[in-house]
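User: I have a two-chain model open and want to go through it piece by piece. Can you take my questions as they come?

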Amino acid sequence: MKIAVLMRAVPDPVEELEIDGEDLDRDFLGFVLNEFDDHALEEAILLKEEVGGSVSAYAIGTADEVEQMLHTAIAKGADDARMLGKDLDALDAHAQAEAFSDALGGCDYDLVLSGVQASDELDGQVTMLVAAELGHLHMSVVVSVTPDGDGLKVTKEYWSGITADYRVSLPAVLGVQTAREAPRYVAVARIRQAQESGALESVDMGQPDPRGRIHITEMRLPDVGEGAEMIEGDEEVAAEKVYEILSSAGVV
Amino acid sequence: MSTDISPKIDPSRVIEHESYELEGVDISGHWNRMFEQRVIFDYDIEKLDRVMDLDGGESMGYCYQCAQCVAVCPVDHVGDYGPRKIYKKLQVGMDFFASDDLWLCTTCGNCLRVCPKEVDMLQIMPAVRKEAVLEGAVPSELQDVFEKTARYGNPLGKNAKRRHAWTRKLEVEVPIISELDRRVDVLWWVSDYPSYHPRGMEASRSLARVLTKLGIDFAILGAEERHDGDSMLRAGEAGLFEMLADQNIETLNKYEFDVLLTTDPHAYNAFINEYAARGGNYNVEHYSTFLARRTAELGLSEDVGGKVTFHDPCYLGRQNGVYDEPRELIEALPGVELVEMWRNRQNGYCCGGGGGGMWLDGLAADNQSMRLSEKRVLEAVETGADTLCVVCPYEVSRFEDAVKSTNNDGALVVKDISELLAQAMGLATD
């Protein structure tokens, strides 16, 4: 199976996030791999180990963290990686999807995996948008992927503990919530080997229209409230109190 | 009273057969013959060979089963462990790379101290763990710590830029060497826990006050300092150790200083025993020896009082031979009586933090009746001491947790030597 994994670098909350106008202050921002994309990569490698084929990792941006992310993917078992040269800070979800789809186009991947969501997706999920661009089937919030003939059996998670199994024919784009196993550990020594392997390719990209789709009017930190109100009583009593609170807040 | 040594088996009731088979087993021959081959020959010792073939694993094969090690192994005191047991399990086919046994050793070195054949767990454990790490077979608790350390330069996953945040709002100055633009007498290597952990930061502030009072010309690296890497090396991440060591050596070599002062025995061990091979040669001192030489100048005038017992950290004591100086400091504290735990100095009982143990509580809980730190706290309480004094930053948090979990809150207090000295010197406290 020929698999592509889309990996996103998102702002690292270990740093204190500061607002500059209508955006984060990007000068001192650190980036970290989107956790769900780590699961997508793990699922891709497990599928390759199960049925053979290849895994190619994609990421946008040229920052050190992006390179590190891709080398780590190679160390974990991806066959190659492509770093799509573009500034990280300018791209919304639509622009990212456009960049990824351009890079994937013509490569005939059977399966494209990425994380179900990322913390900076203000204007929709990249997996959906990529599927739309490529004209592929899409399913998201996936918690299990198993080869099934020439397609896949996919388990999608709903609310309240409900899951549903689907048969998905390829090619498809899946948004992974959790891989069947926790993302594996890869030793620093192996990452260094990957750095020397030359399997990372840098690809120039045309400039997608960065802000053509949504306009942010304001960005601010949430107001810090005061304490918490503990709601006492059994389910009936508590439910009534919750309803009162919600309705007086105009929510219900 | 005479002892009856007459045969208990009546020889006339022993029937000797030329050959005899009982339930499929051939028991022909003399009555004292072994009925089956010794167990060892029926097993494939490939698993043992695999360890011995590793660079650093050779001494595993030297074991001749005397079990001196098991008697002093801190993990065996609360579980079922020791080099002899590992050897036996390897002989009978244990896959060491997939076993919890690989991760329970804290590399305390007490086994090596007593082993007549010098089976060296300090070499064997890192060697086998290194292979396991390369295969990705790492306990998930440790995986998280490796990843944080690689990304942020500290195992707590804290923001690297905030490494010197502990110096803010301190009434004494702690200069950052990159801002000083001159040489210093002492470059103080603070380490991770003393920089980021609340109790570690209190000890650091106390030491900063003590050094200032002594008039020492010192500075710290601040955000440029990264984890020394020693514990990562013992836990099998040799690549991570190399990366950190090379970064630290590059940083240290930018500056001029006489003494590299460490609070952390693990960093002390790394600088003395591991960094030289990678181009890092420094005049390293542990703060206990540095301060002990200056006891007369400290001006210890305020009564501290009470009974104080001292925990010998494995990486300072048994592994690097420093036992006396911390005790000299304690005995210099006014009104204090030093009392020893029964396992002290070379036989000190490990707190459980070394060799990656600091981050393997889950695994320890699955395999031990209690944490090593809890066992040690019970020992400290037995001495009748009010205070347990430590000189290693892993220990304050481990022992304070253990005081609570053994229901000794109020009976025993845990203090870094810096805090006790600052108290005796009448310096400000946090």
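This is a predicted model: local features need pLDDT of at least 70, side-chain atom pairs count only at pLDDT 80 or more; totals for chains, interfaces and linings use all residues.

User: How many of the 14 residues of α6(A) are buried?

Analyst: The count is 0, so to speak of cover, α6(A) is hardly covered; with 20 or more other C-beta atoms within 10 Å a residue would count as buried.

User: What comes just after α6(A)?

Analyst: Gly250(A), which takes a positive phi of about 80°.

User: Now α6(B). What is its reach from first C-alpha to last?

Analyst: α6(B) reaches 19 Å with 14 residues, close to the 20 Å expected at 1.5 Å a residue.

User: Is α6(B) enclosed or uncovered, and how many of its residues are buried?

Analyst: It is largely enclosed by the rest of the structure, because 10 of the 14 residues of α6(B) are buried.

User: Which ones are buried in α6(B)?

Analyst: Met121(B), Ile124(B), Met125(B), Pro126(B), Ala127(B), Val128(B), Arg129(B), Lys130(B), Ala132(B) and Val133(B).

User: And what do the buried residues of α6(B) pack against?

Analyst: Helices of chain B: α1 (46-52), α3 (83-91), α4 (101-104), α5 (110-114), α11 (230-234) and α12.

User: Which residue follows α6(B)?

Analyst: Gly136(B) follows, and its phi is positive, near 80°.

User: Helix packing next. How do α10(B) and α19(B) sit?

Analyst: Helix α10 of chain B (residues 198-213) and helix α19 of chain B (residues 393-405) have axes that come within 9 Å and cross at roughly 130°. That makes α10(B) oblique to α19(B).

User: Is the crossing of α10(B) and α19(B) left-handed or right-handed?

Analyst: The crossing of α10(B) and α19(B) is right-handed.

User: Which residues meet there, in α10(B) and α19(B)?

Analyst: From α10(B), Arg199(B), Gly200(B) and Ala203(B); from α19(B), Pro393(B), Val396(B), Ser397(B) and Glu400(B). By class, the contact of α10(B) with α19(B) has 3 nonpolar, 2 polar and 2 charged residues.

User: What about α18(B) and α19(B)?

Analyst: The axes of helix α18 of chain B (residues 372-382) and α19(B) come within 8 Å and cross at roughly 70°. α18(B) and α19(B) are therefore roughly perpendicular to each other.

User: Which residues of α18(B) and α19(B) meet?

Analyst: Ser373(B), Glu374(B) and Val377(B) in α18(B) are in contact with Arg398(B), Phe399(B), Asp401(B), Ala402(B), Val403(B) and Ser405(B) in α19(B). That contact of α18(B) with α19(B) divides into 4 nonpolar, 2 polar and 3 charged residues.

User: Over in chain A, at what angle do α2(A) and α5(A) pack?

Analyst: Helix α2 of chain A (residues 64-76) and helix α5 of chain A (residues 188-197) pack at about 105°, with their axes 8 Å apart. That makes α2(A) roughly perpendicular to α5(A).

User: What residues make the contact of α2(A) with α5(A)?

Analyst: His71(A), Thr72(A), Ile74(A) and Ala75(A) in α2(A) meet a set in α5(A) that includes Arg190(A), Ile191(A) and Gln193(A). The residues of this contact of α2(A) with α5(A) come to 4 nonpolar, 5 polar and 1 charged.

User: Last topic, whole chains. What is in chain A?

Analyst: Chain A has 6 helices and 13 strands, and its C-alpha trace spans about 60 × 45 × 40 Å along the principal axes. Of its 252 residues, 37% count as buried.

User: And in chain B?

Analyst: Chain B has 20 helices and 10 strands, in a box of roughly 90 × 55 × 35 Å along the principal axes of its C-alpha atoms. Buried residues make up 47% of its 430 residues.

How values were computed:
Residues are numbered from 1 along each chain as its sequence is written. Chains are lettered from A and ligands numbered from 1 in the order in which they are written. A residue is buried if 20 or more other C-beta atoms lie within 10 Å of its own, exposed if 12 or fewer, and partly exposed in between; C-beta atoms are placed from the backbone. Helices (H or I, at least four residues) and strands (E, at least two) are DSSP runs, numbered from the N terminus. Axes are lines fitted to C-alpha atoms, for helices over the stretch in contact, and angles run from 0 to 180 degrees between N-to-C directions. Angles under 35 degrees count as roughly parallel, over 145 as roughly antiparallel, 65 to 115 as roughly perpendicular and the rest as oblique. A crossing is left-handed if the near helix is turned anticlockwise from the far one by less than a right angle, and right-handed if clockwise. Two residues are in contact if their C-beta atoms, placed from the backbone, lie within 7 Å. Ala, Val, Leu, Ile, Met, Phe, Trp, Tyr, Cys and Pro count as nonpolar, Asp, Glu, Lys and Arg as charged, and the others, Gly among them, as polar. The expected span of a helix is 1.5 Å times one less than its number of residues.
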